[in-house]
Amino acid sequence: MHNLVILAGNVGATPEARTTQGGTCITHFSLATSRPKRDSNGKIVRDDNNRRLEDTEWHRITCFNGVGKTVEQYVDKGMKVMVRGRIHYTRWTDNENIERYGVEIIADEVTFLTRAKANDNAGGGHEPEDDEIPF
């Protein structure tokens, strides 16, 4: 049996990265996925302009080390990415002695489906404007 999750969606906010005392890079970001909203008969629900309505779900994505560093460096809010990884459930007791539960996706791979943000450390060049392209 495998624990495999593949999600494609939009990054909800700029990824947040930290490094543990042991040197492990951990990067978190939120990912929005959507699917058509359906009525009790299974038909897709549409608005007054005949546009399909959607339900959006938010997923917490966690990346480690190399994947985490790449995500921190190149991923930004609004980008479309595909995440391949596994689902991970956690359970803990908070300061008020209440048992809490959480779920996250541990990413093994993050594939960019739209252009990555510019890396400020890479060469200092700029992308040409449309009117600068000589053809």
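The following legends accompany views of a predicted model of one protein chain.

**Figure 1. Secondary structure of the protein chain.** The predicted protein chain contains six strands and one helix. Read from the N terminus, the order of these elements is β-β-β-β-α-β-β. The helix of this order, helix 1, spans residues 65–74. Strand 5 covers residues 80–93, and strand 6 covers residues 99–112.

Figure 2. The protein chain has 135 residues, of which 23% count as buried. Its accessible surface is about 10,200 Å², and carbon and sulfur atoms contribute 46% of that area. Among contacts with a separation of 6 or more, 62% are between residues 24 or more positions apart.

Figure 3. Most residues other than glycine have a negative phi. Asn 65 is not a glycine, yet its phi is positive, at about 45°. This residue belongs to helix 1, which comprises residues 65–74. Asn 65 has a relative accessible area of 38%. Because this value lies between the cut-offs of 20% and 50%, Asn 65 is classed as partly exposed.

Figure 4. The relative accessibility of Asn 97 is 65%. Asn 97 therefore counts as exposed, a class that requires a value over 50%.

Definitions and conventions. Residues are numbered from 1 along each chain as its sequence is written. This is a predicted model: local features need pLDDT of at least 70, side-chain atom pairs count only at pLDDT 80 or more; totals for chains, interfaces and linings use all residues. Side-chain values use heavy atoms; hydrogens and water are left out. Helices (H or I, at least four residues) and strands (E, at least two) are DSSP runs, numbered from the N terminus. Buried means under 20% relative accessible area, exposed over 50%, partly exposed in between (1.4 Å probe, protein chains only). Contact means heavy atoms within 4.5 Å. Accessible areas come from the Shrake-Rupley method with a 1.4 Å probe; for residues, only the protein chains shown count as cover.
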